[in-house]
Amino acid sequence: MDVDLSPKLAKKVYGENGGQYFAWCPSDLKMLGEGNIGASKLALERHGFALPRYSDSSKVAYVLQGSGVAGIVLPEKEEKVIAIRKGDAIAIPFGVVSWWYNNNDMELVVLFLGETSKAHKPGQFTDFFLTGSNGQMSGFTTEFVARAWDLEEKVAKLLVEKQSGIGIVKLAETFMMPEPKPEDRKGMVLNCEEAPLDVDVKNGGRVVVLNTKNLPLVGEVGLGADLVKLDGGAMCSPGFSCDSALQVTYVVRGSGRVQVVGVDGKRVLETTLKAGNLFIVPRFFVVSKIADPDGMEWFSIISTPNPIFTNLAGKTGIWKGLSSKVLEAALNIPSDAEQQFRSKRNLDAVFFPPPN
């Protein structure tokens, strides 16, 4: 497999007054198209309003920064108005209408990762806006709008002609958006900063995994996700997804080194990851990371709702399951070297603290 796996930064697609929308393009990151994966990022200023839209792709939204309000309309159900904040993850099935609004001073930044198997363009999200100059309302004639909503012609004309802004607009400070309802968060949102840890290794790292148990909607989306925080100098065990899933990773904070090994034992990636980078690990390829002194944090989606990973090192490593003689023969090493190899990492799992 000869594909460039180098991590990439997002590029601006649209937006000026009120905020901006960024995306990763398959022409820059080939694995997006090959793996049917999409990735984008929304950044809203104070009073920035991302207009109602639906997408041709299922996504997991993750709030990278700030706080605000999101509106979600599931099919044949009432709008849920949700207060969102840093660390929130929201599963959004394709075809579901959503809008986003920043009611605070700090910029609101939301990451979207998803699968594009049903999309118009492999590796890219296509959003269909209900309003705005590129929205459905502006596409119909006054006659059709009047007939569909049983309106007077002058009102229908007003609706068609008043559509402005592409994707994002800035609302007046005096405009009152709907207030979020605390009960609307239930079953819709999981805050990864506050959720119980699935893995917690002192001086190593921590993991929160999103799956159908703690966020049932990921079952409809068909994706799993996790938030990983790797402490300074710590290592993430070499491992791979053993259920043929792709892993798409966005670096939230910090930096570190990564190596990926693929077919025929070929090292296909060795580079430094930095905040804002997106990179993709192909199916069954082995990946390992070592954080720089300030640590590294990343958010990933996996192309299955309940992912299963196999680690090569650590107390749960696959080597521990093989018999001594098999290891001796397979690794072509003497028994004393095999014993040392087997005796190490009996207490550590997944994350390895830095050497003393």
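Colleague: Hi! Is Tyr54 buried, partly exposed or exposed?
Modeller: Hi! This is a predicted model, and in it Tyr54 counts as partly exposed because its relative accessibility is 26%.

Colleague: Thanks. And how many aromatic pairs are there?
Modeller: The count comes to nine aromatic pairs. One of them joins Tyr54 and Phe128, and that pair is stacked, with 5.3 Å centre to centre and 10 degrees between the planes.

Colleague: Where in the chain do Tyr54 and Phe128 lie?
Modeller: In distant parts of the chain, 74 residues apart. Tyr54 belongs to strand E4 (residues 48–55), while Phe128 belongs to strand E11 (residues 127–129).

Colleague: What about the relative accessible area of Phe128?
Modeller: For Phe128 that value is 25%, so Phe128 is partly exposed.

Colleague: Now the rings of Trp100 and Phe112: why is that pair edge-to-face?
Modeller: Because the planes of Trp100 and Phe112 stand at 80 degrees, and over 60 counts as edge-to-face. The ring centres of this pair are 5.5 Å apart. Trp100 sits in strand E9 (residues 97–101) and Phe112 in strand E10 (residues 108–115), 12 residues apart.

Colleague: Are Trp100 and Phe112 buried or exposed?
Modeller: Trp100 is buried, and Phe112 is buried as well.

Colleague: Which residues form an aromatic cluster?
Modeller: Tyr14, Tyr21 and Phe129 form one.

Colleague: Switching to lysines: which ring face does Lys59 lie over?
Modeller: Lys59 lies over the face of Phe125, at 4.6 Å from the ring centre. Lys289 lies over the face of Trp298, and there the figure is 4.2 Å from the ring centre.

Colleague: On to helices. How do the axes of H3 and H4 cross?
Modeller: The axes of helix H3 (residues 142–149) and helix H4 (residues 153–161) cross at roughly 115 degrees and come within 8 Å. The crossing of H3 and H4 is right-handed.

Colleague: Which residues make that contact?
Modeller: From H3 there are Thr142, Val145 and Ala146, and from H4 there are Glu153, Ala156, Lys157, Leu159 and Val160. The residues of this H3 contact with H4 split into five nonpolar, one polar and two charged.

Colleague: Last one, Asn311: buried or exposed?
Modeller: Asn311 counts as buried, because its relative accessibility is 15% and buried means under 20%. Asn311 is part of strand E22 (residues 309–311).

Colleague: And which residues does Asn311 touch?
Modeller: Leaving out residues up to four places away in sequence, Asn311 touches Ser237, Pro238, Gly239, Thr316, Gly317, Ile318 and Val350.

Note on methods. Residues numbered from 1 in each chain as written. Predicted model: local features only at pLDDT ≥ 70, side-chain atom pairs only at ≥ 80, totals over all residues. Heavy atoms only, no water. Phe/Tyr/Trp six-rings, centres within 6.5 Å; stacked < 30°, edge-to-face > 60°. Helix = DSSP H or I, 4+ residues; strand = E, 2+ residues; numbered from the N terminus. Buried < 20%, exposed > 50% of the residue type's maximum accessible area, 1.4 Å probe, protein only. Lys NZ or Arg CZ within 6 Å of the ring centre and 35° of its normal. Axes fitted to C-alpha atoms, helices over the stretch in contact; angles between N-to-C directions. Left-handed = near helix turned anticlockwise from the far one by under 90°. Contact = heavy atoms within 4.5 Å. Nonpolar A, V, L, I, M, F, W, Y, C, P; charged D, E, K, R; others polar.
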